[in-house]
Amino acid sequence: MDVIFSGIQPSGSLTLGNYLGALKNFIPFQETAECYYCIVNQHAITVPQDPKLLHSRTRDLAALYIAAGMDPKKSTIFVQSEVPEHALLGWMMICSAYVGEMERMTQYKSKAQKQEKKGGFIPLGLLTYPPLMAADILLYQTNLVPVGADQRQHMEITRDLAERFNHKYGEVFTIPEMWEPKGGARVMSLQEPTSKMSKSDENEWATIHMLDEADTIVKKIKRAVTDSLGHVHYDKEKQPGIANLMSIHSAISKKSYEEIEKMYEGQGYGTFKKDVADLVVGEMQPILDRYKELKGSPELDAILDEGREKAHKKANATYVKAIEAMGLYRK
């Protein structure tokens, strides 16, 4: 049986892009695999966070996991900071990594530049993020990790660290493979459709958040940037706005771009946008309703308590093997 691990940072309100590009793809695995789905809150603190907001967002994200279809009877759902083996093995992975390979990480260079532009210091956690991510994955003897293409470099480092450790200390870790969804939706900004939809976009009309109410979703899609060509056609170069809306339509309706083009042949953008909005609302409303039931409820805490115990049991077994292999034991 495959073992799956994946996680999302509670660093902002999840977007439609996070849902269609990642979260929705996690769900089918729980029918056939041993799944560990984590709220990776220790990764969030690689940049400064407001403690109260981080606490609130951690609970919000856990509730969204379950509302989106993660079944605690089929998957282990837990918070990273509640399983200490993540940080403990993370330190061992840091000690197995090299400064040069960390400094070459694209995301490190990008985030470090942003911190410098803000006039601030570069947190060391930005540099050591990849070894902690490696520990997250390796603790569960994961063999498949469902992540987007932007995480490819992190997955390569994870494999390198696992192979390096195994070669030096013995076979402790499973070497994981990256799993990318075929034809998965890459949702772009509704206002700048050549850029990825972002949690932190300052333009309120650019991003659909998973917790947006139905009328807000409709307004945002109505205001989405299109073009003057007037026909629904998938062309990312000439019609990036329409291509983005078609990608959203396809991800929810499961229709091909060719089928969508035929559906709206001879029709204006108004009808097309209305239908896209209806699809998004129809997909997101049940999630929002379930989220509201869970947020702040004893049920959510019971699920996360159970998830913590299950994750700890599995993670500790791997951690013990790793410290014994490395000589970090007394008796």
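The model is predicted, so local features need pLDDT of at least 70 and side-chain atom pairs count only at pLDDT 80 or more, while totals for chains, interfaces and linings use all residues. Residues are numbered from 1 along each chain as its sequence is written, and side-chain values use heavy atoms, with hydrogens and water left out.

**Exercise 1.** Determine where Gln 80 is placed and whether it counts as buried or exposed.

*Solution.* Step one: Gln 80 is in the loop between β3 (75-79) and α4 (85-94); helices (H or I, at least four residues) and strands (E, at least two) are DSSP runs, numbered from the N terminus. Step two: Gln 80 counts as buried because its relative accessibility is 0%; buried means under 20% relative accessible area, exposed over 50%, partly exposed in between (1.4 Å probe, protein chains only).

**Exercise 2.** Identify the backbone nitrogens that the side chain of Gln 80 approaches.

*Solution.* Step one: the backbone nitrogen of Asn 41 is reached at 3.3 Å by the Gln 80 side chain. Step two: a polar atom of that side chain lies 3.4 Å from the backbone nitrogen of His 43.

**Exercise 3.** Compare the radius of gyration of the chain with that of a compact globule.

*Solution.* Step one: the globule rule is 2.2 Å times the number of residues to the power 0.38, and the radius is taken over C-alpha atoms. Step two: for 331 residues a compact globule would have a radius near 20 Å, and the chain, at 21 Å, agrees. Step three: along the principal axes, the C-alpha atoms fill a box of roughly 75 × 45 × 40 Å. Step four: 47% of the 331 residues count as buried.

How values were computed
Polar contact = N/O pair within 3.5 Å; in protein donor to acceptor, adjacent residues only side chain to side chain.
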